[in-house]
Amino acid sequence: MSSIQTAGVIGAGVIGAGWIARLLLNGIDVNVFDPSPDAPDNANKVINNAARAYANLHTVQLPKKGQLSFKKSVAEASKNAEIVIEAVPERLKMKQAVYSEIELSASIDTIITSSTSGILPTDLQVELNNPERLLVSHPFNPVYLLPLVEIVGGEKTSTTVIEKASDIFESIGMFPLHIKKEIPAFIADRLLESVWREALWLVNDGIATTEEIDDAIRYGFGLRWAQMGLFETYRLAGGEAGMRHFISQFGPCLEWPWTHLMDVPEFTEELVDKVANQSDEQSGMHSIRALEQKRDDNLVDILKVLKDNHWGAGNTLQAFEERLAKNAEEINFESLDLSQPLETYTTTIPQKWSDFNGHMNETHYLECFSNAADKIMTIVGVDRAYIAKGNSFFTVETHIRHLDEVLVGEGVSVSTQVISGGGKKLHVFHFLYHLDGRLVATGEQMLIHVNLESRAASNPNKLVNERIAAISSAHQNLASPDGIGRAVAQKL
Ligand SMILES: NC(=O)c1ccc[n+]([C@@H]2O[C@H](COP(=O)([O-])OP(=O)(O)OC[C@H]3O[C@@H](n4cnc5c(N)ncnc54)[C@H](O)[C@@H]3O)[C@@H](O)[C@H]2O)c1
């Protein structure tokens with residue numbers, strides 16, 4: 001799977017900021033151009049929302065966050081980028097002008113993608129010197145959570161570029177759906193457009209309010225669509241006889257005048273007022289930020305359930321996390337800086353980790369230290385393959401000191417000092433830091449190497465022993481941590 005180090009994003013509005021967040025939190029450096037003075041603030045708000053959602057979503061650690069840098073021109077943001085994602089307003093001429101500027105500085109191998117909701121890639125690529133490198137990558141809001149990205153090539157797009165771009169999107173947790181025949185608005189927006197048109201008619205004709213239409217979706221078929229789509233759902237609607245029976249039963253209804261088909265209600269001021277006022281009445285009591293967070297929380301939990309059920313979008317999440325777990329095991333031991341405690345864990349505190357006091361509950365301090373101990377195990381070679389062969393470390397004692405608060409949404413990192421190690425024992429001391437530099441807690445642990453068949457203490461293999469000895473010997477030069485050997489009720 002092809003992963004990249006640097007991306008350019010042109011336009012940091014709703015969609016551009018979503019791309020920026022997904023790329024950055026997957027460890028990719030992102031260079032951005034957007035002429036609006038509000039763009040950096042908007043991007044940061046979306047990045048924070050994404051970090052909050054990912055803290056709830058992922059069970060494995062994401063790569064270290066990439067660097068975000070706002071540049072003064074399209075050309076500057078495109079320099080050194082392996083892919084440049086355009087997300088400027090839906091105007092053909094504006095998009096074409098952006099591509100010409102990208103070509104001024106981007107390397108010949110740089111892939112250019114457009115976030116357009118419906119313009120044909122063949123029209124987008126007409127003025128390019130190297131049109132084979134342009135394709136459409138149509139995402140869905142919020143880009144950092146929804147996996148789908150529609151991939152559409154134009155007449156001149158090369159197959160290799162389509163494959164490379166699909167690989168890049170897959171590497172950042174997305175589901176690239178290659179649409180093989182270009183058509184305006186692709187697949188998803190064609191479907192959405194028909195529902196949108198029909199909904200506007202229902203409001204226009206006074207049949208239903210915006211709230212009643214939303215209820216008709218979210219209490220019923222919307223739940224079915226999220227996990228089985230349209231055809232698989234209808235297959236079940238046909239009972240044991242499946243789709244053939246469903247079509248013969250309901251097919252004739254299509255001839256009844258149930259839809260307005262291609263008619264669109266005229267966008268009079270009256271209709272716009274009606275829709276906007278009804279929407280205010282329905283949802284005006286919530287801020288946009290509160291609605292975004294509710295949407296994200298619901299999407300996160302839906303994705304997690306689909307993952308547990310091995311179904312639909314949950315399979316994309318599962319495959320992504322398995323890749324991350326595998327990558328995390330690929331540690332170049334020789335390149336580690338053993339002169340300092342080792343970086344073993346970072347996270348953003350998820351909502352679910354908070355208690356009645358609004359800060360991280362003590363259960364999760366242990367979770368942080370447990371994840372840090374897992375990382376130390378991986379570093380010394382006790383990875384999934386080693387454990388599968390019947391050996392592991394068990395934790396036999398933990399002592400945690402709570403020194404300061406950390407609130408939901410704040411970032412923390414753990415670094416770990418090996419106090420002593422060799423043979424069956426591994427004695428470690430974890431420091432949990434707030435990202436503002438405060439030491440929030442410490443955790444001291446004793447781990448024992450165990451044979452998983454006899455469940456008794458045993459000696460690790462040679463490589464694991466050597467690595468523990470190397471870290472332990474280097475860490476002897478560090479100061480003894482404050483609070484080491486403390487016990488509860490000890491005199492202060
Ligand atoms: N909003 C959606 O739900 C959605 C979903 C999928 C795709 N899209 C597509 O994504 C693209 C962007 O849509 P959006 O909703 O993010 O729009 P938006 O208006 O929120 O953002 C557009 C951004 O582009 C910036 N911009 C304007 N001219 C620019 C230029 N010359 N160079 C760089 N930046 C420039 C603006 O300052 C703004 O921040 C459109 O093509 C749209 O069709 C939108």
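**Cavity**

I counted one cavity of 30 Å³ or more. On a 1 Å grid over the protein atoms alone, a cavity is a set of points where a 1.4 Å probe fits but cannot get out, and lining residues have an atom within 4 Å of a point. The model is predicted: local features need pLDDT of at least 70, side-chain atom pairs count only at pLDDT 80 or more, and totals for chains, interfaces and linings use all residues. Residues are numbered from 1 along each chain as its sequence is written, and side-chain values use heavy atoms, with hydrogens and water left out.

I read about 120 Å³ for the largest cavity, a volume being the space filled by probe spheres set on the points, which are joined across faces, edges and corners. It has 15 lining residues, and Arg 22, Leu 57, Leu 145, Gly 173 and Leu 317 are the closest to its centre. Helix α13 gives the most to this lining, with four residues. I sorted the lining into ten nonpolar, four polar and one charged (nonpolar: Ala, Val, Leu, Ile, Met, Phe, Trp, Tyr, Cys and Pro; charged: Asp, Glu, Lys and Arg; polar: the others, Gly among them).

**Sheet**

I traced an open, mixed sheet of eight strands, ordered β3-β2-β1-β4-β5-β6-β7-β8. Strands (E, at least two residues) and helices (H or I, at least four) are DSSP runs, numbered from the N terminus; two strands pair if DSSP finds at least two bridges between them. The edge strands are β3 (68-70) and β8 (175-179). Strand β2 (residues 29-33) runs parallel to β3, joined by three bridges. Val 30 stands opposite Leu 68 in β3.

Terms used. 1 Å grid on protein atoms, 1.4 Å probe; cavity = no way out; pocket = protein on both sides within 12 Å on 5 of 7 lines; lining within 4 Å.
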